Amino acid sequence: MFQITILFLYLAAAAAFAMGRFPAYEEHARILTWTGLIAGVAALGMHADILLVFFSPDRIGSLTLSAAVSLVSLQLALIALVGALNPSLRGMSAALLVFASLLALPMHTGAAPTADSSFSMTWQTEVHVLVAMFSYSLLTAGAIVAAFALVQERRLKAGRVLTSSHLFAPLITTERLLYGITTVGFVGLALAVVSGLTFVKDLFAQHLIHKSVFSISALVIFGTLLAGRTFAGWRGRRAIYLYLGGFALLVLAYFGSRFILEQILNRSWG
C-alpha cells in the first residue's frame with residue numbers, strides 16, 4: 001500500500017512540474033509548483049522511512065538489490081525536488097520523478113540475503129557502501145540529464161521546435177548541470193574505489209574482482225570526460241556518449257554484480 005501511495009505522489013509531482021512549464025498553465029504555475037513540491041516531499045518522506053531499516057548498522061552489509069535500486073530512486077527524487085526550485089529545470093525534474101517512481105516499485109522490507117560470513121562489516125566498509133551508493137545514484141541522475149542533453153542537441157541541429165520543447169532547459173544549462181553532477185560523482189566514485197580496494201580483504205574470494213575492474217574503467221572514462229571538458233572544451237554528442245559509456249560500465253559494475261551475487265550465488269555484499 002505504501003509503495004502505491006509513493007508511486008502516485010511521485011507521479012503527481014512530476015505531472016505538476018511538467019504542466020507548469022507550458023504557457024497554457026502559466027497563470028497556475030505557482031499553484032502547480034507548490035503542489036509538486038508538497039507531493040514530492042511527502043513521497044520522499046514515506047520512501048525514506050521504508051528504506052531506513054536497511055541502513056541500520058546490523059543490516060547495511062546485507063543490502064538487497066531491490067533496496068539498492070530503491071535507494072537510487074530516493075536520491076533521484078531528492079535531486080528532482082532540489083532541481084525544481086529552478087523553473088527552467090522543472091521539466092527535467094518531472095522526468096527524474098517518473099524514473100524515481102518506477103525504481104521505487106520493487107522496494108520491500110523483507111528478509112535480506114545472508115551476508116557473507118567470510119568477513120565482518122567494519123565501519124570503514126560501511127562508509128564504503130554508503131559512498132558507493134551515493135555516487136551510483138548521483139551518476140544515474142546524470143545519465144537522465146545526459147539523455148535530455150542528447151535530445152536537445154539533436155533538436156537544435158534539426159531546427160525543430162515542438163510543444164514539448166517547453167520541458168527542456170536551455171542546452172547550456174543542461175550541460176552545466178551534467179558536468180556538475182559528473183564532477184561530484186567522479187569524486188565520490190574515486191573514494192568508493194579507493195576505499196573498496198583498501199578495506200575489502202579478498203576481492204577474488206568475495207567474487208568482487210569484476211566489480212572493481214568495471215568501476216575503475218568507469219572512473220577512467222568519467223575522469224577523461226572531465227579533463228576533456230576542462231582543457232579542450234568538450235561538449236555535445238561526444239561528451240554525452242562518453243558519459244553514457246561510463247555509466248553503462250557502472251551499471252555492470254554494481255547492479256550486474258549484485259544480480260549475480262544474489263540470484264546466482266545467494267550472497268550479498270554492499
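## Helix H4

The end C-alpha atoms of H4 are 20 Å apart, which agrees with the 21 Å that its 15 residues should span at 1.5 Å a residue. The expected span is 1.5 Å times one less than the number of residues in the helix. Helices here are DSSP runs of H or I with at least four residues, strands are runs of E with at least two, and both are numbered from the N terminus. The model is predicted: local features need pLDDT of at least 70, side-chain atom pairs count only at pLDDT 80 or more, and totals for chains, interfaces and linings use all residues. Residues are numbered from 1 along each chain as its sequence is written, and side-chain values use heavy atoms, with hydrogens and water left out.

H4 is mostly covered, with 11 of its 15 residues buried. Buried means under 20% relative accessible area, exposed over 50%, and partly exposed in between, with a 1.4 Å probe and protein chains only. The buried residues of H4 include Arg90, Met92, Leu96 and Leu97. Val98, also placed in helix H4, is partly exposed because its relative accessible area is 34%.

## Surface

## Overall fold

The protein has eight helices and zero strands. Of its 270 residues, 49% count as buried. Among contacts (heavy atoms within 4.5 Å) between residues at least 6 apart in sequence, 79% join residues at least 24 apart.

## Nonpolar core

A nonpolar core is a set of buried Ala, Val, Leu, Ile, Met, Phe, Trp, Tyr and Cys residues joined through side-chain atoms within 4.5 Å. The largest one has 65 residues, of which Tyr10, Phe17, Leu97, Met133, Leu189 and Tyr243 touch the most other members. H5 gives the most to this core, with 14 residues. Leaving aside neighbours within four places in sequence, Leu189 is in contact with residues including Tyr136, Leu139, Phe222 and Leu250.

Helix H1 (residues 2-19) has 18 residues and reaches 26 Å from its first C-alpha to its last, close to the 26 Å expected. Tyr10, Ala14 and Phe17 are among the buried residues of H1.

Thr33 lies in helix H2 (residues 29-51) and counts as buried because its relative accessibility is 12%. Apart from neighbours within four places in sequence, Thr33 is in contact with Phe17 and Arg90. Thr33 and Ala14 are 19 residues apart in sequence and 10.0 Å apart in space, C-alpha to C-alpha.
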